Amino acid sequence: MRIATAEQMRTLDRRAIEERGVPSLELMERAANALAEAAIDTAANAPGRAVCFCGPGNNGGDGVACARLLLEAGFEVRCILVGQREKLTCDTRAMEARLAAAGGVLEPFTPDDPDFAAWCLKADVMVDAIFGIGLNTEVRGDALTAVHMMNTCDIPVVSADIPSGVEADTGRVLGEAVRAARTVTFTLPKAGHYVGKGGLCTGVLTVADIGIPRDLVDGEDYPVQTVEGADVRLPVRPRDAHKGDFGKVYLLGGSVGYTGAPVFAAQAAVRSGAGLVTVGVPAPVWPIAAAKLDEAMPHPLPAGKEGQLSLEAGEAAMTRLAGCGVCLIGPGLGRGNGVAAVVRHLLGEIHLPVVLDADGINALEGHIDVLDSRRGLHTVLTPHDGEFVRLGGELSSGDRLGAARAFAVEHACCLVLKGHRTITAFPDGSAYINTNGNPGMAKGGSGDVLAGLILSLLGQGLPARQAVPMAVWLHGEAGEVCARAIGEYGMTPTDVIAALPAVIEEHVS
């Protein structure tokens, strides 16, 4: 699904009103209808009691109109102005007049009034319409008090457009933000609904069409999108195919003490359809890999006394790579000067697409020039936040999406920034936000499974722009299957690998 920026939404609203003659009050009324429907669905009792917290801007106007609709639906409603009356927009004033005509009132916020607090604590639903997508400073004063009240009263909250306190384009929480049970956003979702702490504040997201002409919406460029199940499609395999048609891939990983990582990655590659999977591991761990990998082809590489790859391993790996189409470097390699030197040497010699994971990424710490030297070649990096920072990524601002996009552009790579809402960013500045997966996947080995899955889809000839976001989604969906069947506590990377074939089969067409 396409994701709009706050500026794009302001432009679309303005053009709909000024160029197409759509009345602004009509847009607001439609937004309020969607908001009221969500509030009725969310309320513990309907009709029951509702509190609508409204700012003076147009987001507040949505809330005032929603209060009127709830009143007309039989709810007891208190509509609260959180902000200064003199700052009411023209449209919000118009909605106040309609509320008054229906028998309601836009009353001042009186948090110290015990009767007001007692009334609110018996509400069945609260509506948050204090700020919209334009917020860019910390929440303060009465707004902060109202946010705190909504977060501590144990009453479900429905937010208008985005939870108040969340920055729309980054998902940063500006001081404190409403933790909504449900959010109704308008026309298109925003990045803040998914990434950063905003993704934890949004609750169930509904996207409502409020009547902005479709051609205006379609005329904008949206470099950021979510990945949905409908976007994931793998081709039906030809009946006369052979193993060479589905990719010859090479995996370099493993060390003494880290034998599971290359095994997980290789098994994921096999389970997701790679035709031939060759696995290079240090000689001391080769017997273990050979015992565990029936379908892949492990082979031993020269190793040092600590059980990690030696400098001689690079040339041996290059010999095996000659017949392959894609290479994965990193799972379980371990950290050491010798291993890092081998990785950097290979990156300079390999002209195939390369997926770098785990210690393959760590080898670039302080040597980002090695990555930059691969401009024009396909390089996919799959760091978690810690590895990303070691590479020079900037996360201190809390804008993971912006940081991932900037890094991918600067270093001409595909970056998969793993974590809650994994982000896949490309060198042209486009990015995909993944929306599935669960905390049960936060276990050692999960990243290796993802790396093997990316390797497999690239090896099967899918373009990186399709293969990488699809691999992230399939990985997350297999995790969802495991969580439903086993539970988040007990599920393992092995379970995720086992779930992959059935998940993939549902998306073959």
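This note comments on selected features of a predicted model.

1. The unreviewed UniProt entry carries the annotation "domain: YjeF C-terminal" for residues 226-507. In the model, the end C-alpha atoms of this span lie 17 Å apart, and its content is 42% helix and 14% strand.

2. Largest nonpolar core. This core has 55 residues, of which Val277, Val279, Val380, Ile454, Leu457, Leu458 and Leu474 touch the most other members. Strands S9 (248-252), S10 (276-282), S12 (326-329) and S15 (414-417) each give two or more residues to the core, as do helices H9 (260-271), H17 (446-459), H18 (464-485) and H19 (493-505). The most is given by H18, with 11 residues.

3. Setting aside residues up to four places away in sequence, Leu474 touches Val232, Leu234, Leu453, Leu457, Leu500, Val503, Ile504 and His507.

4. Helix H3. This helix comprises residues 58-72, and its 15 residues should span 21 Å at 1.5 Å a residue; the end C-alpha atoms are 21 Å apart, so expectation and model agree. Of the 15 residues, 12 are buried, and H3 is thus mostly covered. The buried residues run through Asn59, Gly60, Gly61, Asp62, Gly63, Val64, Ala65, Cys66, Ala67, Arg68, Leu69 and Leu70. Just after the helix, Gly74 adopts a positive phi of about 100°.

5. Phe186. This residue belongs to strand S6 (residues 182-186). Phe186 counts as buried because its relative accessible area is 5%, below the 20% cut-off. Beyond its neighbours within four places in sequence, Phe186 is in contact with Met9, Ala31, Asp62, Asp161, Ala208 and Ile210; Asp62 is also one of the buried residues of H3. Phe186 and Leu35 are 151 residues apart along the chain, yet their C-alpha atoms are separated by 9.8 Å.

6. Asn436. This residue sits in the loop between strand S17 (431-434) and H17. Its relative accessibility is 14%, and Asn436 therefore counts as buried. Two polar partners deserve attention. The side chain of Asn436 makes a polar contact with the side chain of Asn434 at 2.6 Å, and a polar atom of the Asn436 side chain lies 3.0 Å from the backbone oxygen of Trp473. Residues up to four places away in sequence not being counted, Asn436 touches Val472, Trp473, Gly476, Glu477 and Glu480.

Terms used. Residues numbered from 1 in each chain as written. Predicted model: local features only at pLDDT ≥ 70, side-chain atom pairs only at ≥ 80, totals over all residues. Heavy atoms only, no water. Helix = DSSP H or I, 4+ residues; strand = E, 2+ residues; numbered from the N terminus. Expected span 1.5 Å × (residues − 1). Buried < 20%, exposed > 50% of the residue type's maximum accessible area, 1.4 Å probe, protein only. UniProt positions renumbered as here; feature names shortened; annotations may be inferred. Core = buried A, V, L, I, M, F, W, Y, C linked by side-chain atoms within 4.5 Å. Contact = heavy atoms within 4.5 Å. Polar contact = N/O pair within 3.5 Å; in protein donor to acceptor, adjacent residues only side chain to side chain.
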